[in-house]
Amino acid sequence: MRGQVYKDRSRALKGLKCIAGFRVPMAGYTTMRVGGPCAALCRPGSLEELVEFVKLCRRRGISYLAIGNGSNIIVADKGMNKVLLRLSSPFFKRIDSDGESLMCGAGLGLNMLCHAAERLSLGGPEFLVGIPGSVGGAIVQNAGAYGGSISDIIKEIMAVDRDGRVRVLKAKSAGLGYRKSSLAGLIIVKATFCLKKRSRTDIRDRLNTYTERRLSTQDYSAPSCGCMFKNPRNAGLTAAKMIDRCGLKGTRVGGASVSSKHANFIINRRHAKAADILRLIALVKKRVNKDYGVKLEEEVQIIR
Ligand SMILES: Cc1cc2nc3c(=O)[nH]c(=O)nc-3n(C[C@H](O)[C@H](O)[C@H](O)COP(=O)(O)OP(=O)(O)OC[C@H]3O[C@@H](n4cnc5c(N)ncnc54)[C@H](O)[C@@H]3O)c2cc1C
């Protein structure tokens with residue numbers, strides 16, 4: 001049955017230049033390194049190719065999922081019956097500047113954004129350094145750290161909607177809140193960041209400070225998605241503190257483990273399956289709910 005679905009999908013997508021493969025394992029496209037195959041992989045080389053892909057999917061009823069660096073998603077072991085859309089070609093990683101603003105493609109990595117801004121003496125995005133996501137993924141999740149969120153510095157977002165129309169949105173209308181946005185259904189293509197002139201030395205110092213803080217507190221020893229749970233509102237404690245106080249650091253399910261360094265990190269210690277990670281998530285949620293009466297909510301997106 002599943003084989004037939006893939007066959008049909010391959011036929012439906014035939015002729016599109018941007019299709020880079022069929023039944024590609026998602027584990028290679030996520031930082032957690034888990035996940036079965038997607039129906040196909042699409043990697044458009046230009047805005048026109050992206051629009052052509054979206055219009056064809058609309059006409060033929062094909063569903064797709066746009067991802068960036070896959071640093072905030074977990075895909076089930078059975079894979080997903082969707083086309084994986086990656087804006088990883090050079091066109092979607094472009095950077096332009098008019099001296100005060102920075103225009104970045106959605107596929108650009110956040111570290112590249114920070115370092116490009118530093119070279120232009122533009123300050124503002126330093127708190128994002130070390131987050132292994134792309135501009136597109138960071139906007140959809142409203143990524144942030146150390147009191148800053150990407151929403152603080154975005155001016156405008158360019159996106160393609162489900163009908164293949166190119167739209168430009170003001171950041172204010174993107175519904176950007178704590179690790180959320182109202183951008184579902186849109187493919188982010190590009191964003192304009194409003195930054196401030198600063199000395200390069202000052203910017204470099206800030207980049208170094210944030211990098212040191214990150215390396216000293218977070219677990220980079222094994223694949224992960226960073227923080228697994230959102231910090232609950234009005235709980236008085238962070239998710240990490242609650243998990244730690246429940247004594248869950250180091251708890252294992254199969255190849256997955258709660259990090260011993262940062263309790264809100266679940267790491268792929270040793271050839272974990274997505275199922276191990278999902279079971280560990282459920283175990284942590286149950287325990288925190290029992291001890292604190294708090295329902296933790298995943299920050300990470302789970303694709304089943
Ligand atoms: C070690 C580590 C540390 C981390 N630290 C932090 C941190 O400090 N703060 C923080 O906020 N996060 C952190 N994260 C999580 C993650 O890196 C961020 O959420 C990041 O912004 C996700 O970007 P991505 O490109 O990897 O998105 P993905 O994981 O690829 O996708 C995330 C979501 O965005 C959607 N999406 C991605 N690109 C597009 C696009 N172009 N158009 C439309 N939808 C799109 C996807 O469909 C998915 O719903 C960390 C992760 C790791 C592994």
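A backbone N or O atom of G144 lies 2.7 Å from a nitrogen atom of the ligand, which falls within the polar-contact cut-off, a pair of N or O atoms within 3.5 Å. This is a predicted model, where local features need pLDDT of at least 70 and side-chain atom pairs 80 or more, while totals for chains, interfaces and linings use all residues. Residues are numbered from 1 along each chain as its sequence is written, and side-chain values use heavy atoms, without hydrogens and water.

A polar side-chain atom of S134 is 2.6 Å from an oxygen atom of the ligand, and one of R179 is 3.4 Å from an oxygen atom of the ligand. On its own the ligand exposes 970 Å², of which the protein buries 94%; areas are Shrake-Rupley with a 1.4 Å probe.

The shell around the ligand, meaning residues with a heavy atom within 4 Å, holds 36 residues. Helix 4 gives the most to that shell, with 5 residues. Helices here are DSSP runs of H or I, at least four residues, and strands are runs of E, at least two, numbered from the N terminus.

Now the sheet. Four strands form an open sheet in the order 15-18-17-16, with antiparallel pairing; pairing requires at least two DSSP bridges. Strand 17 (256-258) and strand 18 (265-268) pair over 3 bridges, with V258 opposite I266. Helix 7 (274-292) packs on the sheet, touching strand 16, strand 17 and strand 18, where contact means heavy atoms within 4.5 Å.

Technical notes
Polar contact = N/O pair within 3.5 Å; in protein donor to acceptor, adjacent residues only side chain to side chain. Axes fitted to C-alpha atoms, helices over the stretch in contact; angles between N-to-C directions.
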